[in-house]
Amino acid sequence: MMDLLMKILIDPFVQMGTAPDLLVQTLWEGLVAGVLYALIALGFVLIFKASGVFNFAQGIMVVFAALTLVGLHEHGVPAFLALALTIAVMLVLAVVVERVVLRPLVNQSDIALFMATFGLTYFLIGLGELLFGGNPKVMIASELYLPKGAIEIKALGGFISLQKIDIAAAIIASIMVLSLALFFQKTRIGRALRAVADSHKAALSVGISLEQIWVVVWFAAGIVALATGIMWGARSEVSFALQIIALKALPVLILGGFTSIPGAIVGGLIIGVGEKLGELYWGPLVGGGIESWLAYVIALVFLLFRPQGLFGEKIIERI
Amino acid sequence: MLYREAGQYKTTYAADMAVFPLWQDRLLIGLFLFAGFVVIPLAGNDFLLNAVMIPFLVFSLAAIGLNLLTGYTGLMSLGTGAFMGVGAYACNKLTTLFPDVNILFWLIASGLFSAAIGTLFGLPSLRIKGFYLAVATLAAQFFLEWCFVRIPWLYNDSVSGAIQVPLRTAFGVPITGATATPMTRYYVTLSIVTLMTYLASNLVHGRIGRSWMAVRDMDIAAELIGIRLLPTKLLAFAVSSFYCGVAGALLVFVWYGGAEAEVFNINQSFFILFMVIIGGLGSILGSFFGAALIFMLPIALRTMPPHLGIPLGGATAEHVTDMVVGALIILFLIVEPNGLARLAQILKQKLRVWPFPY
């Protein structure tokens, strides 16, 4: 019994102390994974805030955007033109989703809307495979001038290698979050978005068009999905397996709160780091592979103390 | 003309509270049972029993289980697949440890293990609700799935990592394993599903079901009228997981005859959730409709194009099927967001006033 406690409570920290370079390396990897989780969670939050829809299709939107980009390039379209075209495709998708799915389902229960995004997921999976095939593809990273290779830093008695693509991902994610924040705070449409998030009825009564706002948020979520797709694609490859990472974004969401953009980012970082550290130091105790559920358990523990997530709005219920 | 309550006087309280107050309804249910127990086994072939009826019944049972939780108590769960898995693995262990006991007993008893695990993972439901709870139940899904893969004891240390269903009998008749005939397996499934549907129906029409529905409609108000939330919600989790567990045990032992942990992955959970939502939340009849539609739809779509003379390659057909299923889900939701059970209700109302419009 003491031995087991020792293994759980003390040994991992001793390991951390004796090999600080490994610890820092793991922390860095966790942070990068966290940034990418946060990006997906961001797409969820944008849509949830503005329309109250729990958009399950965000994960497949990531895959679909990345596939469109790579697929267009394969057909001989220059990289940046392909990027512009993919953005156009995401805009078309946003308009179609608003027209075909959201508008007829307005005022329906949350669960019906949630279910509708499942339908959308299936549809996009079928469409993506039909158009671009189910085989994994290589992201056109170098054509988009994304850096390759790694920087090695000699520190803490060892080497820490930072992948350049990861650094780029962190920078792009920060730029994206900053520009979204600016967009929300400073522009006319951004203000309208926040108004809609506060109250649909009040927003309607001052003349804000809900339809237009929905197209804008789905388009914004599409852009976020595209950025996520490029980053994940450049790190591994573009395939439908990427969809699985969308499920990883769910604990991030409940940890940060469904309605909070800072929450999505902080949540993403906590989950990313916690998952990697847990897998490395505590995973071997139970046979490894705990990465698949650790994120959910971390989120669950946080939820028991703050049921609305770390940054979520306090839930006030009235009879 | 045929379907109306005129002339059917209720003289006792029991008759007034009956689940099917009209003789037409009772006749219809009787006909369905007759069809299930007599006509289909007589008329159907092995393919119909094996590939259509048994899975349909198993999924219906799982859908009823999830419906008790999501539809009646308003607690959304995405851990259905894992709870089904608990039932299957529990049944596997039980029948390995006690091979001489009647397998029918273990099929039911394995649900109890699932119920215990379900109750444990239902504990957070007191603090969190809605989509937050749905994501929290994913913790159960992924944790249990991990257990199914990583704990070799659960699958008897078999090399393939899969459950291998042995030959087991009940009253001298082989029920599971290769020598069991589709007919016996069909009858076993049908009997268990019929019995458990009857129990579920009684449960939701009684005091427990009403307290569940009160919690669903507004839990604070329910608390104020004297319903204790924690026991009520946990009971819903327990009963729901029990149903899912039995469905999982039937799935592996009676239908598949062997399965890996992958059968109980997150997609299975979503699949059952589709059935419940498309069939109709808070309706037992709807669970059957949903199971029929969601299970049959891809099969029908796959077999249809060749019959209509549309040539489609294997892979293309698969992708088109995905697209059509997705589009149909959206279409169903737009046409009837309350599910197929509501359509049945509307049809009933139309029949009552027929031939007049209202």
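## A guided tour of the predicted two-chain model

Buried residues make up 44% of the 358 residues in chain B, a residue being buried if 20 or more other C-beta atoms lie within 10 Å of its own, exposed if 12 or fewer, and partly exposed in between, with C-beta atoms placed from the backbone. This is a predicted model, in which local features need pLDDT of at least 70, side-chain atom pairs count only at pLDDT 80 or more, and totals for chains, interfaces and linings use all residues. Residues are numbered from 1 along each chain as its sequence is written, while chains are lettered from A and ligands numbered from 1 in the order in which they are written.

**Stop 1: colour by confidence**

Colour both chains by pLDDT, the predictor's confidence in each residue, from 0 to 100. The mean for chain B is 85, with 97% of its residues at 70 or more. Chain A averages 80, and 94% of its residues score at least 70. Elements are DSSP runs numbered from the N terminus: helices are H or I of at least four residues, and strands are E of at least two. In chain A, select strand β1 (residues 150-155), which has the lowest mean pLDDT among the elements, 70, and then helix α4 (residues 79-102), which has the highest, 88. In chain B, the lowest confidence lies in strand β1 (residues 168-170), at a mean of 74, and the highest in helix α8 (residues 207-217), at 92. Where pLDDT is low, the predicted coordinates should not be read in detail. For the complex, the predictor gives an ipTM of 0.82 and a pTM of 0.87.

**Stop 2: chain B as a whole**

The C-alpha trace spans about 65 × 60 × 45 Å along its principal axes. Two residues are in contact if their C-beta atoms, placed from the backbone, lie within 7 Å. Among contacts in chain B between residues at least 6 apart in sequence, 75% join residues at least 24 apart.

**Stop 3**

Select Thr321(B), which is in helix α13 (residues 314-335) of chain B. Is this residue buried or exposed? Thr321(B) is buried, with 21 other C-beta atoms within 10 Å. Leaving aside residues up to four places away in sequence, Thr321(B) touches Pro298(B), Leu301(B) and Arg302(B).

Next, select Pro355(B), in the segment after α14 (340-353) of chain B. Trp354(B) and Pro355(B) are joined by a cis peptide bond, with omega about 5 degrees.

**Stop 4: chain A as a whole**

Switch to chain A, which has 12 helices and two strands. From the N terminus, its elements run α-α-α-α-α-β-β-α-α-α-α-α-α-α. The C-alpha trace of chain A spans about 65 × 60 × 35 Å along its principal axes. Of the 319 residues in chain A, 45% are buried.

**Stop 5**

Select helix α6 (residues 164-186) of chain A: its 23 residues reach 32 Å from first C-alpha to last, close to the 33 Å expected at 1.5 Å a residue, where the expected span is 1.5 Å times one less than the number of residues. Ile165(A), Asp166(A), Ala169(A) and Ala173(A) are buried in α6(A).

Move to α10(A), where 12 of the 14 residues are buried, so this helix is largely enclosed by the rest of the structure. Its buried residues pack against α2 (20-51), α3 (58-74), α11 (261-282) and α12 of chain A, together with α6 (131-150) and α11 (266-279) of chain B. Gly257(A) follows α10(A) and has a positive phi, near 100 degrees.

**Stop 6: where the chains meet**

Finally, display both chains: the contact takes 39 residues from chain A and 33 residues from chain B. On the side of chain A that touches chain B, α5 (110-132), α10 (243-256) and α12 (291-305) of chain A each supply at least two residues. Which element gives the most to this side? α5(A) does, with 15 residues. The residues on this side of chain A divide into 29 nonpolar, eight polar and two charged; Ala, Val, Leu, Ile, Met, Phe, Trp, Tyr, Cys and Pro count as nonpolar, Asp, Glu, Lys and Arg as charged, and the others, Gly among them, as polar.
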